[in-house]
Amino acid sequence: MAASINEELERCKDWIEAALEYSGGTHEWSDIVEGIHSLRYQFWPAEKGCAVTEIIMFPNKKIFHVFLAGGEMDQIVDMNDSAAQFAKAQGCDGMSIAGRKGWSRVLKNEGWTESFTTLAKEL
């Protein structure tokens with residue numbers, strides 16, 4: 001029997017919460033759970049990792065955005081092809097990822113390039 005979404009979320013909770021530590025305080029665990037249940041976010045659980053994504057509509061592009069990922073690096077990288085297929089099926093023009101600087105090195109062989117740097121300042 002397949003695990004329910006709540007069981008999968010609970011299983012992946014430590015990975016998601018670890019990734020949230022690098023999010024700049026924009027989301028809490030409860031926000032992620034609510035976003036997944038409301039279908040605003042997409043949840044990608046795997047055996048040794050997971051990701052949380054969203055589709056962002058800009059005036060000129062529709063972007064599939066990976067904003068949380070945690071677990072074993074190889075597991076996360078292995079999600080690239082299925083995520084790209086999903087994004088194309090949703091009519092997305094491209095993909096983006098927010099994360100630590102090391103992701104640009106890890107994902108280079110998957111065709112990702114660094115397009116800009118985000119700076120933050122607390123007020």
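Phenylalanine 64 is buried, with a relative accessible area of 0%; here buried means under 20%, exposed over 50% and partly exposed in between, with a 1.4 Å probe and protein chains only. The model is a predicted one, in which local features need pLDDT of at least 70 and side-chain atom pairs count only at pLDDT 80 or more, while totals for chains, interfaces and linings use all residues. Residues are numbered from 1 along each chain as its sequence is written, and side-chain values use heavy atoms, leaving out hydrogens and water.

The structure holds 4 aromatic pairs. Rings of Phe, Tyr and Trp (its six-membered ring) pair if their centres lie within 6.5 Å, and planes under 30 degrees apart count as stacked, over 60 as edge-to-face and the rest as tilted. Tryptophan 44 and phenylalanine 86 have ring centres 5.4 Å apart and planes at 85 degrees, so this pair is edge-to-face. Because tryptophan 44 lies in strand E1 (residues 41-46) and phenylalanine 86 in helix H4 (residues 80-89), the pair ties together parts 42 residues apart in sequence. Helices (H or I, at least four residues) and strands (E, at least two) are DSSP runs, numbered from the N terminus. Tryptophan 44 is buried at 17% relative accessible area, whereas phenylalanine 86 is partly exposed at 26%.

Phenylalanine 86 also forms an edge-to-face pair with phenylalanine 64, at 5.9 Å centre to centre and 65 degrees between the planes. Phenylalanine 64 lies in strand E3 (residues 62-71), so its pairing with phenylalanine 86 in helix H4 ties together parts 22 residues apart in sequence.
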